[in-house]
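Notebook open, structure loaded. I want to look up a few local spots and jot down what I find.

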Amino acid sequence: MTTSQTSPLIEMRNVRKSFGLFEVLKGISLSVNDGGVVCIIGPSGSGKSTILRCINGLTPIDSGTIRVGDFSVESLRSDKKLIPLRHEVAMVFQQYNLFPHRTVMQNLMMAPVQVLRQNADEVRDRAEKLLAKVRLTGKESAYPGELSGGQQQRVAIARALAMEPRVILFDEITAALDPEMVSEVLSVVRDLAAEGMTCVLVTHEMRFAEEVADEVFFTDRGVIVEHGPPSTLFKSPSDPRLKDFLDKVL
Amino acid sequence: MNSELRTFLLGIVGVPLCLLGLFAAVYGDNTGAMLGLMAERTPTLLTGSPDITSLDGGFLANIAMSIIAMAIAAVGGVILGVGLIAEFSIVRHVSDVVMNVLRNSPWLVVLYAMLYLLPFEVEIFGVYVTISPFIKSVIGLSLPVAANIAEIFRGGIQAIPSAQWESARSLGYRRLQILRHIILPQALPLMIPNLMTIYAMLFIGTSLVVVTGASDILSAAKVIIATTGSETASGFYIYILFLFFLFAFPIAILTRCLERRIGSVSL
Ligand SMILES: Nc1ncnc2c1ncn2[C@@H]1O[C@H](COP(=O)(O)OP(=O)(O)OP(=O)(O)O)[C@@H](O)[C@H]1O
Ligand SMILES: [Mg+2]
């Protein structure tokens with residue numbers, strides 16, 4: 001980049017979304033720089049997951065705009081048109097959502113081969129490197145059901161990486177894990193962040209957010225109440241709702 | 001010894017013994033002679049002809065009809081089942097109505113309807129093809145079975161958590177790809193026990209086709225009884241019960257084994 005004024009990789013502007021009469025997102029605006037790490041925190045039901053699902057087009061929005069790289073997400077209305085976006089934006093879920101009938105290796109290889117039509121041998125090489133990266137070499141032929149929660153979640157991260165995305169969305173990926181497995185998953189995310197992968201994390205791990213995030217967004221009832229670098233947001237919150245929330249979770 | 005094997009041995013020995021007891025209770029001192037008559041007429045009951053010159057009648061016809069009807073119903077059921085989970089609500093509603101009408105029609109009524117609704121012959125590309133009672137029976141049986149299979153198909157697919165759809169979509173898969181690569185491979189094993197149960201029901205249901213004039217085991221029995229006398233009827237019908245049991249019972253046991261296997265896999 002030659003200019004210092006680079007445009008953000010993800011830009012949501014005034015996004016609204018209702019389910020029936022219930023307005024879940026009431027004008028969300030946020031942006032994420034290329035290589036940036038953004039954390040979204042907030043009480044349950046405040047719309048954090050919905051924000052992530054809008055970014056990769058899983059949930060269509062009612063109004064506003066979402067831009068990811070060159071894609072204008074709200075204009076991609078069919079799954080077919082969304083394929084290139086999903087190539088760039090990967091997602092990791094709280095419940096891992098691996099494909100239980102396929103081995104670890106197959107879980108990593110399926111989408112690149114079946115969706116992106118990439119060469120299987122090349123994908124296998126890449127998948128092996130990714131398994132090494134998430135420290136699961138040797139588990140290639142295991143089925144997800146044979147792995148611990150922490151191991152499954154690391155497979156899910158490797159599966160997301162196998163798509164060679166520009167952004168990964170993480171939705172409370174440690175919330176379903178036993179405490180002793182949280183750190184093994186977080187350290188994988190930490191590595192990714194350090195390597196410059198653009199990450200958007202919904203998380204309840206405040207210390208981790210404080211450590212890795214460039215910017216933290218606090219959501220409450222469908223609006224972003226406050227955002228800023230973790231140092232200011234966590235140390236000197238200005239909004240009473242955020243103060244309240246931090247008192248409860250810290 | 002596992003519980004299915006025990007049930008199997010108990011049933012495969014116990015039920016024939018009970019039927020034999022019933023047989024003896026009906027015929028008393030004549031039991032031996034009646035059993036001899038049964039043995040003598042077995043080829044006719046099984047194949048429709050006393051010297052096994054043709055194989056298109058009797059019990060073999062029941063088996064053949066059940067297999068052909070099941071194959072037709074499987075194809076129709078999957079098509080209807082895809083309709084039941086279609087994205088467009090009109091397709092979904094139409095499929096739902098068709099499925100419910102067919103599934104809730106008494107089989108005997110459907111068979112009678114085939115008898116009167118289907119023409120005697122049809123012209124296909126200038127060739128006249130007779131619609132035999134056999135074909136009418138197969139079509140009549142496959143309609144309600146297809147509806148049941150459609151419902152099994154829908155149930156199996158809906159048993160797979162929606163999170164699987166979601167993670168597949170986030171990897172760029174499209175609807176039919178998700179069905180084919182992710183949902184069906186997981187749902188099919190869940191459907192197999194139900195499919196086997198509906199097959200066993202279909203097989204037992206082939207005893208109804210006698211109303212269409214198809215030459216199945218019951219029509220063979222009727223012909224035999226016309227010559228051997230009505231006092232032999234009970235014996236023949238007990239014997240037919242025995243034959244149906246011999247065919248359907250192992251399927252039922254196998255179904256239970258599979259159900260248990262699948263249950264233990266998903267636990
Ligand atoms: N598909 C849907 N249909 C109807 N309501 C929905 C749907 N998805 C989400 N909601 C509702 O929208 C609200 C926000 O949901 P969302 O999952 O985004 O919250 P969240 O901040 O991620 O909460 P949590 O911390 O519990 O995961 C919730 O009240 C939820 O019930
Ligand atoms: Mg959530």
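Predicted model: local features only at pLDDT ≥ 70, side-chain atom pairs only at ≥ 80, totals over all residues.

I started with the side chain of Asn56(A), which reaches the backbone nitrogen of Leu58(A) at 3.3 Å. I count a polar contact as a pair of N or O atoms within 3.5 Å; within protein, one must be able to donate a hydrogen and the other to accept it, and residues adjacent in sequence count only if both atoms are side-chain atoms.

Residues are numbered from 1 along each chain as its sequence is written, chains are lettered from A and ligands numbered from 1 in the order in which they are written, and side-chain values use heavy atoms, with hydrogens and water left out.

Back to Asn56(A): I found it in the loop between H1 and strand E4 (63-68) of chain A. Helices (H or I, at least four residues) and strands (E, at least two) are DSSP runs, numbered from the N terminus. Buried or exposed? Asn56(A) has 0% relative accessibility, so it counts as buried (under 20% relative accessible area; exposed is over 50%, partly exposed in between, with a 1.4 Å probe and protein chains only). Setting aside neighbours within four places in sequence, I listed its contacts (heavy atoms within 4.5 Å): Leu82(A), Leu85(A), Arg86(A), Val89(A), Met91(A), Leu169(A) and, from chain B, Ser170(B).

Next I checked ligand 1. Which elements supply at least two residues each of its shell? They are strand E2 (22-32) and helix H1 (48-55) of chain A, and H1(A) gives the largest share, three residues. For the shell I take residues with a heavy atom within 4 Å of the ligand; among them are Phe19(A), Pro43(A) and Lys48(A).

Then I looked at oxygen atoms of ligand 1. One is 2.5 Å from a side-chain N or O atom of Thr50(A). A polar side-chain atom of Ser44(A) lies 2.6 Å from a ligand oxygen, and for Glu172(A) I read 3.1 Å. The protein covers 59% of the 640 Å² of accessible area that ligand 1 has on its own (Shrake-Rupley method, 1.4 Å probe).

Last, cysteines. How many disulfides (cysteine sulfur atoms within 2.5 Å) does the structure hold over all chains? I got zero. For Cys54(A), the nearest cysteine sulfur is that of Cys39(A), 19 Å away. Cys54(A) is buried, with a relative accessible area of 1%.

Note on methods:
Disulfide = S-S within 2.5 Å.
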